[in-house]
Amino acid sequence: MVFLDRRDAGRQLVARLMPLAPERPVVISLPRGGVPVAFEVAQALGAPLDVLAVRKLGAPGNPEFGVGAIAEDGTALLNTNDARRVGMTKEVLDATLEREIRELRRRVERYRDGRRQIDVRGRTVIVVDDGLATGLTDLAAVRALRARGAGRIVVAVPVGARESVELVAKEADEVVCLTIPRELLGVGRFYQDFAPVSDAEVVALLGAAARDRVPTPGQMPPPERRSPRSPQPAARELLLDIGGVVLEGDLVVPTQPRGLVIFAHGSGSSRLSPRNREVAATLNDAGLATLLFDLLTEDEGGRRELVFEIPLLARRLEGVTRWAIAEPDTRGLPVGYFGASTGAAAALRAAAAARDVVKAVVSRGGRPDLAADRLPYVTAATLLLVGGRDLEVLELNRGAAAMLRCPHRLVVIEGAGHLFSEPGTLERVAGLAAEWFGNYLSSSERRPAAAGG
């Protein structure tokens, strides 16, 4: 089952939740993605809507890889095996908790906008999210609501990983999940539109629910990062046989392309990453062809250790590059790589191996340190983009920049975190990437002066 967007997913959840209407439940949404889903549920059930702020606890140097979660009341849980494996020491954990608690307080203050928290004591509570990936944030929410005295707790999601549904079901009274795929490589795969939800959209929906009316189009703020674009060529869906492994990909080739940018996504993501697709659309607007593909197969995606297997990911990227330079639609185009998180390490390692082919690399919130032994051999002009609030990754990028001998530049995007979800930050990334690739994938001999790390 694929949903049009989060609002559509909420409407489809309603049919399964209507039997709860006589219990006069409270609907609790997990921000930010769960709020549009929960809004539709609350409207249909005539139930009050509130928000419970929960944050993922990311691994050191790789915040996208969740090893735990914490709720706004301080309820926290930790996957000790994962935490130990990624080097989450007590000192690092304490610092992470302190940082996430500050962010939770900020969100609670903005989202509730002065409204009191809804009393859930003895009541049926429906916890709504846009999907269950690890299930850690939803489990933290269940525990926090138990501590507040909730009577019956039902967790409702459009899609979820089987093991995550089973995990949450151990503590929730019921889990309603419309789709449980054999392997969940990413929640976004099950939405046609999985664009990030902004703080403004969350505030508008919660405010409308509190006033018991749906916001009109004039009252609803436009979703961020969805500015109108010129029509784009339809993407070709690909099945790429790379070393005997079949990988899925999407190729877009504008009229008279100036170059080709191949994307390497980060840990826990896929070719359907809304952030990478937003960047790819900007590059298409700039006349660049883009190829987004899955670095791992569906079966491999469930093995967490493979997302850090940088040599394997780099070999896959090299294989896709060989396919691209032989493909009639992209043959002869100068090639660049766009890597995010661990995908940036794979991109740099592959660039070092394909020095005659790859002319430019852009890293978004990347982990170039994971390719440290190959950095001195990279000849492609390299742009490192890091969020100013992503302090651990920023230090890792500074160290990596010092090891690069190619033309390179480190740019700090002020106010941005690891995922660049803050207003305007992803647009800044996309614009800088388009400029960098435009310069270094151009046939012109003119090149901008490179700035060292």
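Let's start at one residue. Leaving aside neighbours within four places in sequence, T321 is in contact with I262, V335, Y337 and V357. Contact here means heavy atoms within 4.5 Å. T321 is found in helix α9. Is T321 buried or exposed? T321 is buried, at a relative accessible area of 4%. The cut-offs: buried is under 20% relative accessible area, exposed is over 50%, and partly exposed is in between, with a 1.4 Å probe and protein chains only.

A word on the model. This is a predicted model, where local features need pLDDT of at least 70, side-chain atom pairs count only at pLDDT 80 or more, and totals for chains, interfaces and linings use all residues. Residues are numbered from 1 along each chain as its sequence is written, and side-chain values use heavy atoms, with hydrogens and water left out.

Now the whole chain. It comes to 12 helices and 16 strands. Helices (H or I, at least four residues) and strands (E, at least two) are DSSP runs, numbered from the N terminus. Of the 453 residues, 56% count as buried. Take the contacts between residues at least 6 apart in sequence: 70% of them join residues at least 24 apart.

First sheet. Five strands form an open sheet, in the order β2-β1-β6-β7-β8, with parallel pairing. Two strands pair if DSSP finds at least two bridges between them. Which strands stand at the edges? They are β2 (49-51) and β8 (174-179); each has a single partner strand, so one side of each is left without a neighbour in the sheet. From one strand to the next, the twist averages 25°. β7, residues 152-159, pairs with β8 in the parallel sense over five bridges. Look at V159: its bridge partner in β8 is T179. Helix α2, residues 34-45, packs on this sheet and touches β1 (26-29), β2, β6 (124-128) and β7. The direction of α2 makes about 170° with that of β1. On angles: axes are lines fitted to C-alpha atoms, for helices over the stretch in contact, and angles run from 0 to 180 degrees between N-to-C directions.

L260 stands opposite V335 in β13. V335 is also one of the contacts of T321.

Next, helix pairs. Two packed helices are described by the angle between their axes and the distance between the axes.

α9 (residues 310-326) and α10 (residues 342-353) have axes that come within 8 Å and cross at roughly 60°. That makes α9 oblique to α10. Under 35 degrees counts as roughly parallel, over 145 as roughly antiparallel, 65 to 115 as roughly perpendicular, and the rest as oblique. On the α9 side we have I310, P311, L313, A314, L317 and E318; on the α10 side, T342, A345, A346, A347, R349, A350 and A353. By class, this contact has 10 nonpolar, one polar and two charged residues. Ala, Val, Leu, Ile, Met, Phe, Trp, Tyr, Cys and Pro count as nonpolar, Asp, Glu, Lys and Arg as charged, and the others, Gly among them, as polar.

α8 (residues 274-285) packs with α12 (residues 425-440) at about 45°, axes 9 Å apart. That makes α8 oblique to α12. R275, E278, V279, T282 and L283 in α8 meet L426, V429, A430, A433, A434 and F437 in α12. The classes are eight nonpolar, one polar and two charged residues.

Last, the backbone. Most residues other than glycine have a negative phi, and most peptide bonds are trans. A cis peptide bond joins P31 and R32, with omega about -5°. R32 sits in the loop between β1 and α2. R24 is not a glycine, yet has a positive phi of about 50°. The loop between α1 (6-17) and β1 holds R24. S341 also has a positive phi, near 55°. S341 lies in the loop between β13 (335-340) and α10. Buried or exposed, for R24 and for S341? R24 counts as exposed at 66% relative accessibility, while S341 counts as buried at 1%.
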